[in-house]
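Subject: Structure for you to look at, with notes

Dear colleague,

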Amino acid sequence: MAKRLWIALTVSLSLLSSASIVQTGEPCCNVIANAALKGRLGRLAIAYPGNATNIEARTDVYKAGNIKSIAGGYGNQAIELLPGNYDVVINGKKVTGVTVKSGHETQVKVGVLHVNAGKDTRVDILDAATSQSMTGGYGEKAFGFPVGPVNVKIAGQSETVTIEEGKVREF
């Protein structure tokens with residue numbers, strides 16, 4: 001009886017470890033076991049919905065609390081890192097407490113803000129909490145951001161928009 005219970009428990013644990021989402025308690029991210037990642041490294045992943053080639057999204061990664069970027073790029077990202085805590089800045093919006101684990105992929109929850117404006121219209125995207133400018137430009141643009149509120153400022157007026165995971169928000 002004990003042997004059968006041990007086998008059943010082993011099989012159950014094996015199924016659990018092969019499940020895709022191991023931890024989702026992080027408000028910023030999904031941490032998923034990835035059997036393709038061998039050894040000590042984990043992966044930080046950022047994948048935007050829609051046509052990622054036309055999305056304006058600059059990402060910089062910092063060891064938690066540091067001011068020097070250790071990795072970065074434009075658009076979708078797959079960055080292998082040592083386990084630890086990181087700060088991720090996407091288009092000027094900072095996400096703190098991003099945890100990378102060995103053999104896991106940490107997917108930052110992101111979405112897109114698609115601004116439909118004429119080519120001569122100035123658009124500024126502001127941090128909703130501080131009103132600091134994060135990014136902007138002229139005309140129609142698609143901006144990638146972590147989930148949460150941002151302010152869209154056009155012609156001196158602003159409106160708060162909430163970026164949702166895996167969605168393109170039209171403005």
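A residue is called buried here if its relative accessible area is under 20%, exposed if that value is over 50%, and partly exposed in between. Because its relative accessibility is 0%, Phe 145 counts as buried, and Phe 143, with a relative accessible area of 1%, is buried as well. Please keep in mind throughout that this is a predicted model.

The charged end of Arg 58 sits over the ring of Tyr 74, at 4.9 Å from its centre, while Lys 63 lies over the face of Tyr 86, 4.8 Å from the ring centre.

Which strand holds Thr 59? Thr 59 is found in strand 5, which covers residues 58-63, and with a relative accessibility of 0% it counts as buried. Leaving aside residues up to four places away in sequence, its contacts include Ile 46, Tyr 48, Ala 71, Gln 77 and Val 88. Although Gly 75 is 16 residues from Thr 59 in sequence, the C-alpha atoms of the two are 7.7 Å apart in space.

Strand 12 deserves a paragraph of its own. It spans residues 122-127, and because 5 of its 6 residues are buried, it is largely enclosed by the rest of the structure. Strand 12 pairs with strand 13 (residues 133-138) in the antiparallel sense over 5 bridges, and within this pairing Leu 126 has Ser 133 as its bridge partner. The two strands form a hairpin with 5 residues between them, and in the turn Ser 131 has a positive phi of about 65°. Strand 12 is also joined by 5 bridges to strand 15 (residues 148-154), again running antiparallel, and there the bridge partner of Asp 124 is Lys 153.

Asp 124 takes part in a salt bridge too, with Arg 122, where the closest N and O atoms are 2.7 Å apart. Asp 124 counts as buried at 17% relative accessibility, whereas Arg 122, at 35%, counts as partly exposed.

How many salt bridges does a search of the whole structure find? The search finds 8 salt bridges. One of them joins Glu 105 to Arg 43, with the closest N and O atoms 3.4 Å apart; because Glu 105 lies in strand 10 (residues 104-108) and Arg 43 in strand 3 (residues 42-46), this pair ties together parts that are 62 residues apart in sequence. Glu 105 counts as buried, at 15% relative accessibility, and a network of salt bridges links Arg 43, Glu 80 and Glu 105.

Another salt bridge is formed by Lys 141 and Glu 56, whose closest N and O atoms are 3.3 Å apart. Since Lys 141 belongs to strand 14 (residues 141-146) and Glu 56 to strand 4 (residues 55-56), the pair ties together parts that lie 85 residues apart in sequence. Glu 56 counts as partly exposed, with a relative accessibility of 32%.

With best regards

Key. Residues are numbered from 1 along each chain as its sequence is written. This is a predicted model: local features need pLDDT of at least 70, side-chain atom pairs count only at pLDDT 80 or more; totals for chains, interfaces and linings use all residues. Side-chain values use heavy atoms; hydrogens and water are left out. Helices (H or I, at least four residues) and strands (E, at least two) are DSSP runs, numbered from the N terminus. Buried means under 20% relative accessible area, exposed over 50%, partly exposed in between (1.4 Å probe, protein chains only). Contact means heavy atoms within 4.5 Å. A charge sits over a ring if NZ of Lys or CZ of Arg is within 6 Å of the ring centre and within 35 degrees of the ring normal. Two strands pair if DSSP finds at least two bridges between them. A salt bridge is a side-chain nitrogen of Lys or Arg within 4 Å of a carboxyl oxygen of Asp or Glu.
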